Amino acid sequence: MRQRTLDVNEVKRRIAALKGEDLSVSVNKGRKKVLNMNGVIVDVFPSVFTFRAAAGDIVSFSYSDVICGDIVLRRA
């Protein structure tokens with residue numbers, strides 16, 4: 001079972017602080033599938049944030065994915 005450790009406002013604040021920095025992102029896609037990407041956070045919106053991968057792809061993630069642990073952000 002997933003544990004909720006932070007509230008949404010704290011996660012939004014922390015992600016906004018990482019905007020523009022080089023990051024490594026791990027995305028748990030389920031069934032033992034994990035996607036790893038390097039890039040930067042481009043924009044921060046009320047419900048989601050966008051991430052530009054080094055390959056040029058732009059992906060959006062919700063803050064709840066970070067809270068649940070499906071998305072893990074690390075400084076590169």
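Modeller: Before we start, contact here means heavy atoms within 4.5 Å. By that rule, and not counting residues up to four places away in sequence, Asp43 touches Lys19, Phe49 and Thr50. Bear in mind that this is a predicted model.

Colleague: Fine. Where is Asp43 found, and why is Asp43 called partly exposed?

Modeller: Asp43 is found in strand β2, residues 33–44. Its relative accessibility is 30%. Buried would need under 20% and exposed over 50%, so at 30% Asp43 counts as partly exposed.

Colleague: And why does Ser62 count as buried?

Modeller: Ser62 comes out at 19% relative accessibility. The cut-off is under 20%, so Ser62 counts as buried. Ser62 belongs to strand β4, residues 58–62. Leaving aside neighbours within four places in sequence, Ser62 is in contact with Ser47, Val48 and Phe49.

Colleague: What makes the pairs Ser62 with Ser64 and Ser62 with Asp65 polar contacts?

Modeller: The limit for a pair of N or O atoms is 3.5 Å, with one able to donate a hydrogen and the other to accept it. The side chains of Ser62 and Ser64 make such a contact at 3.0 Å. For the side chains of Ser62 and Asp65 the value is 3.2 Å, so each pair is within the 3.5 Å limit.

Colleague: How do you know that β2 and β3 pair, and β3 and β4 too?

Modeller: Pairing takes at least two bridges. Five bridges join β2 to β3, and these strands run antiparallel. β3 and β4 are also antiparallel, with five bridges between them. So both pairs pass the test of at least two.

Colleague: Which residues stand opposite each other, and how many residues lie between the strands of each hairpin?

Modeller: Val44 stands opposite Phe49 in β3, and Thr50 faces Ser60 in β4. The β2–β3 hairpin has three residues between its strands. The β3–β4 hairpin has four, and Gly56 in that turn has a positive phi of about 105 degrees.

Colleague: Now helix α1. Which of its residues are buried, and how do you know that they line one face?

Modeller: The buried residues of α1, residues 8–17, are Glu10, Val11 and Ile15. Seen down the helix axis, these buried residues fall within an arc of 130 degrees, so they line one face.

Colleague: What covers them, and what does the face turned away carry?

Modeller: The cover includes β2, β3, α2 (63–68) and β5 (71–75). The face turned away from the buried side carries the exposed residues Asn9, Arg13 and Ala17.

Note on methods
Residues numbered from 1 in each chain as written. Predicted model: local features only at pLDDT ≥ 70, side-chain atom pairs only at ≥ 80, totals over all residues. Heavy atoms only, no water. Buried < 20%, exposed > 50% of the residue type's maximum accessible area, 1.4 Å probe, protein only. Arc of directions from axis to C-beta.
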